[in-house]
Amino acid sequence: MPVKVLIVDDSGFFRHRIEEMLSDDPRMEVVGTAVNGREAVEKVKQLRPDVVTMDVEMPQMNGIEAVRIIMREAPTNVLMLSSLTHEGARVTLQALEAGAADYLPKDIRAWMDKGSNVRSQLIDRLVALGRSRRFQRSSVFERDFPGKAKPGTTMVFRPDDPEPPPRRSAVSGRTPAAEPARPSVSDGLNARRERPVSAPTAAPAPAREPAGAATTPAARVRFPDCKLVVIAASTGGPAALQKVLTALPANFPYPILLVQHMPKTFTQVFAERLNQQCHISVKEAEDGDRLQPGQALLAPGGLQMIIDSKQTDRVRILPGDERLTYKPSADVTYASAAKTYGAKVLGITLTGMGADGCDGSRLLKQAGSTQWAQNRESCTIYGMPQAVINAGLADAILDLDDIGPLLAGRGSR
């Protein structure tokens, strides 16, 4: 079944451009358009799309308020479209906190250029969000109360991300079943290469739950003897990171490195926002920053973050290999942590598209470190943690609600 999309934008140009981009892809079906947030809310209830593309600034009702109402009355995955300015980043983060699942920069030059990769980025995100199906309502309730969420009803998460295809490790060059190479920063820097992907002509059947992927009860999780915590995320990550980090006490005894797929302007604003919300200190990492207990360093967008091989209590911020898909990349930071701290690392892979972090996790595992992965039920997109879990690299598979308290419990000892 194609992914049903509702396009919301007060700009006729953008409505037409998005529809044009989606029209020739058999995985997409545009079920309607709306010109403001108020109309968007009504059409979400009427048309029941899988995904909504949502502009931020619109007359009558802006995108943030529309997202709040949609999440309350007819929960649906929303992809925000916003500018790459400081203000655009700020309001986009507000929309993500309100419940939007992901965002895409709205640079009119790139959207007008038919040679840009905006179309592939847009479709990739819509396909992933449309298949995630994280909001499922009772069929009885849908019959009795069509288009409206019953007050107090718990919405059930039902991600249906397809199983990632078998692939050779970009780090070791071997299949996951083979023995991986020794951990090295150079391995990490070459971990994520650009790979051409052929678009399928039809959506694959939902993957079965991998064997052994049951959620680990928090009471059974043994906190490791570590010196560093590294957390990686992509789609759904801003809200997930906020939930985890706001649970930590100011005297949390370990330094934290954060890798969130975001452009430069967004990481700066995101770090500032987290710093205001958290008891620990959070900042966008700068070259030479020291690793300190109770402080989280967020990898800057467009760059890579590794641990200095000579001064192992400091980070280096580097441009990285131009062929790397993700900037920042979890694989790069994980590989660096494995080389420098060995078994004294706790790696945590949260919600996100793709498999960034899987190759680096293999290096962490070989070094003897402990790894947690977010469970299927609490992910916005199950891609990144699923890759780690399917490779047999996760020591615990945890609900998002348990990760912060588990970290905080250790930090209060």
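Helices here are DSSP runs of H or I with at least four residues, strands are E runs of at least two, and both are numbered from the N terminus. This is a predicted model, in which local features need pLDDT of at least 70 and side-chain atom pairs count only at pLDDT 80 or more, while totals for chains, interfaces and linings use all residues. Residues are numbered from 1 along each chain as its sequence is written, and side-chain values use heavy atoms, with hydrogens and water left out.

**Exercise 1. Work out the order of the open sheet of 5 strands and find which strands stand at the edges.**

Step 1: Two strands pair if DSSP finds at least two bridges between them. The order is β2-β1-β3-β4-β5, with parallel pairing.
Step 2: β2 (28–34) and β5 (102–105) are the edge strands; each has a single partner strand, so one side of each lacks a neighbour in the sheet.
Step 3: Ignoring direction, neighbouring strands are turned by 25° against each other on average.
Step 4: Zoom in on β1 (residues 3–8) and β3 (residues 51–55), which pair in the parallel sense over 4 bridges. Here Val8 sits opposite Met54 in β3.

**Exercise 2. Describe how α4 and α10 cross, and say which residues make the contact.**

Step 1: You describe two packed helices by the angle and the distance between their axes. Axes are lines fitted to C-alpha atoms, for helices over the stretch in contact, and angles run from 0 to 180 degrees between N-to-C directions.
Step 2: The axes of α4 (residues 86–98) and α10 (residues 264–277) come within 9 Å and cross at roughly 55°.
Step 3: Angles under 35 degrees count as roughly parallel, over 145 as roughly antiparallel, 65 to 115 as roughly perpendicular and the rest as oblique. α4 and α10 are therefore oblique to each other.
Step 4: Contact means heavy atoms within 4.5 Å. On α4 the contact is made by His86, Gly88, Ala89, Arg90, Thr92, Leu93, Gln94 and Glu97, and on α10 by Thr265, Phe266, Val269, Phe270, Glu272, Arg273 and Gln277.

**Exercise 3. Find how β10 and β11 run and name the bridge partner of Gln304.**

Step 1: β10 (residues 304–307) and β11 run antiparallel, joined by 4 bridges.
Step 2: Gln304 has Leu318 as its bridge partner in β11.
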